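This briefing is intended for a reader who has the sequence and the coordinates to hand. Please consult the structure shown below alongside the text.

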Amino acid sequence: ERAVELARQVKVETEPLPAVFSIDQAIQANSFFNIHHRIDDGDVKKEESESEVVVSGEVRMGGQEHFYLETNCTLVVPSDNGQLEVFASTQNPTKTQNFCAHVCGIPATHVVCRTKRLGGGFGGKETRSVFISCAAAVAASKLRRPVKINIERDIDMCITGQRHPFMARYRAGATKDGRLKFFEADLYNNAGFSLDLSAAVMDRALFHSDNVYRWPAFSVRGHLCKTNLPSNTAFRGFGGPQGLMLVE
């Protein structure tokens, strides 16, 4: 409680700089990570020429906060011979073990990570819990005493990333009797300032964007928007819901 009180007394002076926050701003500024995966099957131009009905449009899906019951927290207890025992609220004990060892400059065999219960995760503690554990591990390693970090709800929501917002622009064609002919789309997600799992989330959205339908011609392209926001991350469904929403 004392630490939280002191943190609130810190005054930060900032200089406003140009910033990119949204997918639209990223497109305008050509701000992307250099990963542009795509799926192509069939001849779109041919199927379009045979289509009697062609539709086009844009669809948007917002982000979503995980809001797990327990915020990210870690207790690190030093043990014999410079080893650490890490009790972490994480969905990824292996990554927690390896990263804590890395920042402390010790072998991974000197770190034991235990996860008793998560208090909720939904993907939000797959990667974004690690920097909390790393901070506690460094302090415990240097001080040789137990260190615990349990961040407050508002801080957790500000820094740990959310479900990726998506925007997609699409074109699709069919015959008048309802036979599908072609589908093409550009998918954009808001990755934040670093990649985290954004590329894999986009891949999942691409794989899901035909849903259960058979398209004679199919072309979808994924773009990862680089913005001045916390890195967005895994969330239950992992890009699948965004792809399904697009095609529907």
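The model is predicted. Its chain has eight helices and nine strands. The radius of gyration is 22 Å, well over the 18 Å that the globule rule gives for 248 residues, so the chain is more spread out than a compact globule.

**Overall form and surface**

- Taken along the principal axes, the box filled by the C-alpha atoms is roughly 75 × 40 × 30 Å.
- Buried residues make up 42% of the 248 residues of the chain.
- Where contacts join residues at least 6 apart in sequence, 81% of them link residues at least 24 apart.

**Helix 7 and helix 8**

- Helix 8 spans residues 240–247, and its buried residues are Gly240, Gln242, Gly243, Leu246 and Val247. Viewed down the helix axis, these buried residues fall within an arc of 165°, so they line one face of helix 8.
- The cover over the buried residues of helix 8 includes strand 2 (53–61), strand 7 (166–174), strand 8 (180–192) and helix 7 (198–208).
- In helix 7, the buried residues are Ser198, Ala199, Val201, Met202, Ala205 and Leu206. They cover an arc of only 160° around the axis, which puts them on the same side of helix 7.

**Cysteine 225**

- Cysteine 225 belongs to strand 9, which comprises residues 217–226.
- Its relative accessibility is 0%, so cysteine 225 counts as buried, the cut-off for that class being under 20%.
- Leaving aside residues up to four places away in sequence, cysteine 225 touches Ile23, Ala26, Ser31, Phe32, Phe33, Tyr188, Asn189, Asn190, Ala191 and Gly192.
- Valine 103 is 122 residues from cysteine 225 along the chain, and their C-alpha atoms are separated by 29 Å.

**Phenylalanines with positive phi**

- With a relative accessible area of 49%, phenylalanine 67 is partly exposed, since the exposed class requires over 50%.
- Phenylalanine 122 also has a positive phi, of about 60°. It is placed in the loop between strand 5 (111–114) and helix 5 (130–143).
- The relative accessibility of phenylalanine 122 is 34%, so this residue counts as partly exposed.

**Lysine 142**

- Lysine 142 lies in helix 5.
- The relative accessible area of lysine 142 is 70%, and the residue is therefore exposed.
- Lysine 142 and arginine 171 are 29 residues apart along the chain, with their C-alpha atoms separated by 58 Å.

Key: Residues numbered from 1 in each chain as written. Predicted model: local features only at pLDDT ≥ 70, side-chain atom pairs only at ≥ 80, totals over all residues. Heavy atoms only, no water. Helix = DSSP H or I, 4+ residues; strand = E, 2+ residues; numbered from the N terminus. Rg over C-alpha atoms; globule rule 2.2 N^0.38 Å. Buried < 20%, exposed > 50% of the residue type's maximum accessible area, 1.4 Å probe, protein only. Contact = heavy atoms within 4.5 Å. Arc of directions from axis to C-beta.
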